[in-house]
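User: I would like to learn how to read a side-chain contact and then the overall build of a chain. Could you take me through it step by step?

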Amino acid sequence: MTTPHRAVYIVDGARTPFLKMRGQPGALSASDLAVQAGRALLARFSFPPSALDEVILGCMIPSADEANIARVVALRLGCGKTVPAWTVQRNCASGMQAIDSAARNIMLGKSDLVLAGGTEAMSRAPLLWNASMVSWLAGLSASKTVFQKLKKIAQFRPSYLSPVAALLRGLTDPVVNLSMGQTAENVAHRFHINRTQMDEYAVLSHQRVMQAAEKKYFSEIVPVFDNKGNYFTADDGVRPDSSVEKLATLKPFFDKKWGNVTPGNSSQITDGAAILLLASSDAVEEYRLPVLAKITDIHWAGLNPAEMGLGPVHATVPLLKKNGLDRHDIDYWEINEAFAAQVLGCVAAFEDSPYCHELGLAAPFGKIDLERLNVDGGAIAMGHPVGASGARIILHLAHVLKREHGKRGVATICIGGGQGGSALIENVSGGAAS
Amino acid sequence: MKHYHHWRLENAPDAIAWLYFDKEHATVNTMDAEVMEELSLILDFVATHPDYKGLVIASAKKQGFIAGADIAQFDQFEDATEAARLLRQGQQIFQKIENLKIPTVAMIKGFCLGGGLELALSCRYRVAEEGIKTRLGLPEVKLGIHPGWGGTVRLPRLIGLFPAMNLMLGGHLLSAKAALKCGLVDAVVPERHLVGAATYYASQTAAPRPFSKINQLLNISKVRSVVASGLRKKVRAKASPQHYPAPFQLIDNWEELGLMDPTCFQQEAETCGKLFFTDASRNLVRAFFLQERLKGLAKQSTFSPEHIHVIGAGTMGGDIAAWCALSGMRVTLQDREAKFIAPAIARAFTLFKEKLKEPHLIQKAMDRLMPDPEGLGVSKADVIIEAIFENLDAKQALFKSLEQHAKPNAILATNTSSIPLDEINTVMESPQRLVGIHFFNPVAKMLLIEIVEGERTAGTVTDKAIAFARKIDKLPLPVKSSPGFLVNRILMPYLLESVAMLDEGIPAEAIDKAMTDFGMPMGPITLADVVGLDICLSVAEHLGKYFDAPIPDQLLRLVGEKKLGKKTGEGFYRYSKSGAQIKPKQSAPFQKPLSTLSDRLVARLLEESEKCLAEGVVTDTDLLDAGMIFGTGFAPFRGGPMHYLKSK
C-alpha cells in the first residue's frame with residue numbers, strides 16, 4: 001500500500017473446540033460459542049471489556065434470535081452499551097472479513113482495540129417451510145369465513161411439508177447452480193487430481209491434527225460448557241483411525257456415482273468460534289499488551305464461481321506481489337481445507353505456468369512445500385464452521401510462526417461464490433512491537 | 001391544600017387526584033400511627049371535593065410501594081384490646097378508601113406487602129409494574145399474626161378463597177405476573193405504561209367485579225366447616241397450632257363468619273390483636289429484628305465487589321459461585337480441569353432457571369459465570385473465595401500464591417469449616433488479609449454466612465467481607481475463628497448426643513419426633529443423614545481434638561460400612577431412589593414422654609451455646625440466637641437458644 005498507515009497487531013486469540021454436527025442441533029448457539037471464546041480471551045487482560053472500540057464478527061447463519069450477532073455477543077461479553085458491534089458476511093471467509101474490517105479501522109486510526117473473529121453453529125441451521133407451504137399458510141390466515149378456511153384446508157398437499165434445509169441451500173452456488181462439492185470436482189478435473197490423492201491428503205490432515213493435539217499445539221483452544229454439565233475441550237471431528245483404505249470405501253456425495261469428492265475428503269460440518277484481539281501500537285502501549293503477530297495486509301479476489309476452490313491462488317498472487325514478496329519469503333502457509341481436491345488444486349495452480357500467466361506472473365509462482373502447508377492439519381479433520389474458519393487459520397498461523405520462529409506466513413481461504421481471501425502476517429512474538 | 005409529612009396530594013389536569021406516599025425520614029414506606037392519621041384526613045378531604053373524578057395512590061420512593069406496617073410499633077401496644085382497637089381504626093381508614101364514590105387505583109411498583117397490600121385491596125383497581133422487584137403478598141403469618149387491616153376479608157373476596165388462603169397461610173409473595181393471573185391486580189405493565197394504566201383505571205366508571213359463584217357457595221356455613229378442616233390439615237402438615245397459632249386462627253375466623261358477615265372485620269381486628277401477645281409472635285418479631293441487625297452490620301461499608309473468584313468447583317464452591325452470579329456479580333470459577341467445573345455449571349443453570357425464569361435473564365447469569373480452569377480471575381477479582389478440600393498444606397500453598405497474584409485490595413477468603421484461620425495465615429506475608437466466609441449447604445437456601453475472624457484478620461477486611469455477604473443477600477454473622485465457629489460448634493454436640501441416644505436403644509423416629517415437636521425444622525438423626533455421616537464424623541473428629549466429645553459407635557460403624565446417609569441411600573434411615581425417607585419397620589414404641597428426649601438434647605445445645613458466649617465466639621446473646629435461627633433453623637418461634645433459656 002502506498003498510503004502510510006498504522007500497524008495492526010494480533011495480541012492474542014482464543015477459539016472453541018470445533019464440534020462436529022451429529023445429526024441434531026448442537027449444544028451451543030453461534031453466540032454461545034463466541035461468548036465462551038471471547039470471555040476466556042478477555043479474561044486474560046486487565047482492561048475491561050468496555051475498553052474495546054468495537055466488536056466485529058463473521059457469521060453466515062445466525063439463528064433467528066441472533067440478528068447482528070456481533071452486537072449480541074458484545075453485550076453478552078459485558079462490553080456495555082457504548083461499544084459498537086457489527087456483523088460481516090463473506091461466506092466461507094466471514095471470519096477473515098471481520099479481521100480485515102477490524103484491521104482497516106485500526107490502520108485508519110478509527111479504532112485501537114478490536115475484538116474480531118467469527119462464529120458458526122452449522123448444526124443449528126434452520127429447516128425452512130418451502131414456498132408452497134408459505135403461500136398456503138398466508139392464504140389460510142387471510143381466509144375470513146369458516147367456508148373459506150375449510151376450502152383452503154382442503155387444498156393442503158403433503159408435499160408442502162417437505163422442508164428446505166438452509167444449510168444445503170447455503171452450500172449451493174445459486175448463480176452457477178453447483179454445490180460446493182461440485183465446484184471441487186471441477187477443480188479436480190482441471191488439475192487431474194484423482195481420488196487417491198484426495199484421500200491421501202485427507203488422511204494427512206487427520207494425522208497432523210492428532211499429532212499437533214498430542215504436542216499441545218492447539219493452545220488457542222479454550223474449553224466450552226453447555227447447561228447440562230457437558231464440556232468440550234478438543235476438536236471432536238478428528239479420526240485417529242483414518243486411512244486411505246477406509247476412505248476409499250466412501251461413496252462420492254456431490255456427483256453421485258462418477259465423482260471423487262466424498263465426505264471423507266471434504267471439510268466437516270461443524271460448530272465453532274474463533275476470536276482475536278487486534279490492537280494498534282497505541283493500544284499495545286497503553287494496556288501493555290503482549291503481541292503475537294502483525295497483520296501486514298489482506299487481499300481479496302474474485303474468480304469463476306464454478307472453480308471457487310482456487311480462490312486462494314487468485315488472492316495470494318497479488319497480495320505478495322504488491323508487498324514485494326515471493327514464495328520464498330513465506331515460511332508457513334494455511335490454505336483452508338474446504339476440500340482436499342481444492343487444496344491440492346491450489347498447490348497445482350501455483351505451479352502451473354499458463355494459470356499463473358493469466359494472473360499476471362511471468363513465471364509460475366512455484367511449489368508450496370507440503371511441510372510448510374497446514375502443518376497442524378486443517379478443516380478436513382477439524383471442521384469448517386464457515387463463519388469462524390478464516391479467523392481460525394490466521395490465529396493458528398500466528399501460533400505456528402511463533403513456535404517455529406518463522407518470519408512471515410500466509411493464511412488463505414476459498415470462498416463459495418467464487419472469491420479468495422489471503423492474509424499476510426508477520427511474527428513479532430519475539431520482541432516488542434516495531 | 002394542607003401540607004402533610006408523609007403524603008403528597010397532587011392534582012392532574014384530568015381531575016384525577018394523585019396521592020403519593022413518601023414517608024418522612026425513611027427510604028422505604030412503612031405505615032405507622034402518624035401515617036394513618038394523615039391518610040385519614042386526606043381521604044376525608046378527597047371525599048368532600050366533588051371535583052375529583054378518580055384517585056391514584058402511589059409511592060414516591062425509589063424502591064417499593066409499601067413494605068407494610070412498621071414492625072417497630074408491634075411491641076408498643078398496651079394489651080390485646082388496645083391492639084385490636086388500633087387495628088379497627090386502621091380498618092376504618094381503609095374503609096374510607098373503599099367508600100369513595102370515585103374510582104380508586106393503587107399503582108404498584110416494587111414490593112407491596114402486608115398493610116401495603118391491604119391498602120391496595122381497599123382500592124377498586126390495582127396496576128402493577130412488571131419488573132422482577134414487584135412482589136405482592138400478606139406475609140403476616142411469618143410474624144406470628146394474620147392480616148389485621150381487612151386483608152383476611154378483602155383478599156378472598158377479590159381472588160377467591162383458595163388462592164387467598166394459600167397466599168395468607170403460607171405468607172409467600174407473588175410476582176406481578178402471578179398476581180395478574182389470580183386476579184389480584186387488574187393490569188401488569190412495563191414502567192413506561194404504568195402512569196397511563198393507572199390513569200385509565202382511575203377514569204373507569206364500571207361497577208366493581210361481582211362476587212364469584214364459588215364464594216357464594218362457601219358462604220354456606222356447613223360447606224365452610226368441611227373446607228376449613230381440609231385447610232387445617234394442610235397447614236398442620238407444615239406447622240403445629242401450638243407453635244404457630246396465627247394461620248389456624250385465620251381459618252377459624254373464616255369458618256365462623258365467612259366473608260359476608262358484617263362482623264368479619266371486627267373479628268379480624270380482635271384475633272389479630274390477641275395474636276400480637278402470643279409468645280410465637282413476640283419471638284418471630286424478635287427474629288425479624290435479629291435479621292435486621294445482621295443486615296445492618298454492613299451499613300458502614302462502601303465496599304462494592306463486582307468480580308468474585310471462587311477456587312474449587314465442588315458442591316460448596318460451585319454453588320457459591322452460582323449464587324454470586326445470580327446476585328449479579330461477575331464470577332470466575334476455578335478448578336483443575338474443565339471436567340470438575342462442568343457439573344457446577346449445570347447446577348447453576350438449574351438454579352437460575354428456578355429463580356429467574358425468563359430465558360434472557362438466565363442467559364445473562366450464565367454469561368456472568370465463567371469456568372476458569374486457568375485461574376485467570378485471580379488477578380482481577382475483588383473477592384477470592386477458597387473452597388478446596390480441607391487440607392492445611394494445600395490451603396497454605398494456595399493462599400501464599402493468591403497473595404502474590406491477587407489485586408492488593410482484594411479480599412482473600414476461605415470457606416473452611418474446620419481449619420483455624422490462624423493456622424492457614426502463618427505462611428502469608430499479610431496474614432491480616434485472610435478472612436473466613438463460611439457458607440452453609442445448600443448455599444441457595446441457607447441465609448446465614450459466618451464471617452470468621454482470625455487473631456490477625458484486619459477489621460477493615462472483616463467489614464468488607466460483611467459487606468460482600470449483604471451484596472449477595474445473605475446474613476453475615478461475625479464469629480471468632482475458634483474450632484467449629486458458632487453453628488457447627490453448637491450443632492455437633494447436639495447431633496452426637498442424639499446418636500448416643502440411638503446407642504442407648506432409643507428409636508430414631510422418637511428422637512426426631514421429639515425435636516420436630518420442639519420446633520426444629522428437621523430431627524437431628526435425619527439432619528445427620530442429610531448432611532452426610534462422613535461429614536458429621538469428620539467434623540466430630542475435628543472438634544474432638546479441641547473439646548471432649550466421644551464419638552458414638554453407631555456413627556463409626558455406619559461410616560465404616562459406607563452408609564453415609566441420604567446420598568448413599570442409607571444412613572440411620574434408608575432412602576428410596578428419589579431420596580424419600582423410608583419409614584422404618586415398627587420398632588418398640590418409646591414409652592416415656594418425648595419431651596424427656598427434647599429436654600436432654602436441647603440442654604446439650606444450650607450448654608454449648610453458653611460456652612460459646614463465654615469464649616466470645618460471638619459478641620452477644622442476640623448474635624448467637626440469630627446465628628442459630630438463620631444457620632440451623634432453630635425454632636424461630638422460640639426466639640433463639642439463649643432467649644429460650646432465659647424465658648424457660
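User: Which backbone oxygen does the side chain of A:Arg208 reach at 2.7 Å?

Analyst: A polar contact is a pair of N or O atoms within 3.5 Å; within protein, one must be able to donate a hydrogen and the other to accept it, and residues adjacent in sequence count only if both atoms are side-chain atoms. Here the side chain of A:Arg208 reaches the backbone oxygen of A:Leu373 at 2.7 Å, and that of A:Leu370 at 2.9 Å. This is a predicted model, in which local features need pLDDT of at least 70 and side-chain atom pairs pLDDT 80 or more, while totals for chains, interfaces and linings use all residues. Residues are numbered from 1 along each chain as its sequence is written, chains are lettered from A and ligands numbered from 1 in the order written, and side-chain values use heavy atoms, without hydrogens and water.

User: Is A:Arg208 buried or exposed?

Analyst: Buried means under 20% relative accessible area, exposed over 50%, and partly exposed in between, with a 1.4 Å probe and protein chains only. A:Arg208 has a relative accessible area of 9%, and is therefore buried. Of the 434 residues of chain A, 57% count as buried.

User: What does A:Arg208 touch, not counting residues up to four places away in sequence?

Analyst: Contact means heavy atoms within 4.5 Å. The residues that A:Arg208 touches include A:Glu371, A:Asn374 and A:Asp376. In chain A, 81% of the contacts with a separation of 6 or more are between residues 24 or more positions apart.
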